[in-house]
Amino acid sequence: MKESVHTLEFATIGDVLKKYRKQSNLSISQLARLTGVHKGVIAKIENGSTRRPGLKITMPLAKVLNIPTDKIVELYIEIDKRPEVLFGLLNEAIRLFNVPLAARVAQRILETPYEESYSLMERLYNFVSSLSDLRFQLPLYHVIIKYARERGMQRFLAKGLLNKYLIERDDFNRLEETYYTGEEILHYVDFLSNEEKVTIYYKMAFHAHAMKKYEKCIEFGKMGHAADLTHNELKERVALAICNSYMFLGDYRALEQHLDLFEKLDYRFIIERIKFFRGTVYSRTGKYEEAIPLLRECLVETGLTP
């Protein structure tokens with residue numbers, strides 16, 4: 001039966017190294033020759049004189065002695081709460097692709113007494129944001145969100161929720177669930193940067209449109225436009241979603257007003273489709289003489305008529 005790391009909860013690193021060294025029938029001198037670690041250093045670790053040896057020393061010893069790396073990491077979590085050591089352990093847990101272990105280390109980082117809580121949270125948040133593997137990012141953001149929620153750290157609660165939402169919203173099987181995560185973020189939007197505000201407003205506008213929540217699409221889209229002082233493609237795509245929403249709602253007066261506005265703002269995504277929108281408005285409001293030529297032009301431009 002494989003030995004659980006939890007059976008070593010109260011052991012020291014020296015105890016573990018000594019146990020495995022004896023199981024391997026190696027003397028301290030032999031282990032020193034195999035690892036390049038001085039025998040005096042090994043002896044001090046085993047007898048407890050050095051209670052917190054650095055990872056650079058421990059890892060070569062563990063490798064030669066075939067000690068599972070996650071076991072070493074578990075021990076360090078218990079005996080060494082210095083932030084730099086814990087961040088090293090977090091990197092090691094990620095290298096091992098051990099998600100639960102990484103989450104436990106992240107929790108320890110936030111709990112260490114060696115540094116102020118906000119500083120630790122900032123460091124952990126920046127670390128997690130720099131990761132490229134979403135399989136680690138998401139559970140680590142969960143740690144950040146839970147800790148921030150419990151301690152009223154609203155800026156990091158907002159940022160954690162935003163990143164969680166941005167990852168999970170791509171799962172189209174969970175559109176409704178992730179939509180409500182997005183709505184929760186809006187309660188903390190004042191704790192986000194302006195760029196982050198624009199991001200959540202635009203993403204929620206598209207999300208609402210996909211769920212046929214057209215009133216919400218319009219609301220979020222306009223909030224994003226108000227916060228976004230630049231002219232960019234995403235802003236134009238949101239304008240298109242707003243126009244589509246007015247059309248689906250049958251609010252043709254508002255649609256015409258926004259077509260005029262976006263045309264004046266030179267939004268190419270609207271201008272390229274404006275004949276279709278105006279033709280649709282005319283046909284739905286009984287202005288067939290105006291609608292037919294516009295819709296016919298749309299068909300010609302798309303190559304659907306001879």
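Is Tyr-118 buried, partly exposed or exposed, and what is its relative accessible area? Tyr-118 is partly exposed, with a relative accessible area of 40%, where buried means under 20%, exposed over 50% and partly exposed in between (1.4 Å probe, protein chains only).

The views below come from a predicted model, in which local features need pLDDT of at least 70, side-chain atom pairs count only at pLDDT 80 or more, and totals for chains, interfaces and linings use all residues. Residues are numbered from 1 along each chain as its sequence is written, and side-chain values use heavy atoms, with hydrogens and water left out.

**View 1. The ring pair of Tyr-118 and Phe-156 is tilted.** A search of the whole structure finds nine aromatic pairs, a pair being rings of Phe, Tyr and Trp (its six-membered ring) with centres within 6.5 Å, counted as stacked if the planes are under 30 degrees apart, edge-to-face if over 60 and tilted for the rest. Because the planes of Tyr-118 and Phe-156 stand at 50°, with the ring centres 6.4 Å apart, this pair falls in the tilted class. The pair links distant parts of the chain, 38 residues apart, with Tyr-118 in helix H8 (residues 117-130) and Phe-156 in helix H10 (residues 154-168); helices are DSSP runs (H or I, at least four residues), numbered from the N terminus. Phe-156 is buried, with a relative accessible area of 0%.

**View 2. The rings of Phe-262 and Tyr-267 are stacked.** Their centres lie 5.4 Å apart and their planes meet at 15°, so the pair counts as stacked. Both Phe-262 and Tyr-267 are buried.

**View 3. Ring pairs join Tyr-118, Tyr-125, Tyr-141 and Phe-156 into a cluster.** The charged end of Arg-155 sits over the ring of Phe-156, 4.4 Å from its centre, a charge being over a ring if NZ of Lys or CZ of Arg is within 6 Å of the ring centre and within 35 degrees of the ring normal. The charged end of Arg-151 likewise sits over a ring, that of Tyr-147, at 3.8 Å from the centre.

**View 4. Thr-12, Ile-13, Gly-14, Ile-45, Gly-48, Thr-50 and Arg-51 line the largest cavity.** A cavity is a set of points on a 1 Å grid over the protein atoms alone where a 1.4 Å probe fits but cannot get out, and lining residues have an atom within 4 Å of a point. The largest cavity holds about 40 Å³ of space, the volume being the space filled by probe spheres set on the points.

Terms used:
1 Å grid on protein atoms, 1.4 Å probe; cavity = no way out; pocket = protein on both sides within 12 Å on 5 of 7 lines; lining within 4 Å. Helix = DSSP H or I, 4+ residues; strand = E, 2+ residues; numbered from the N terminus.
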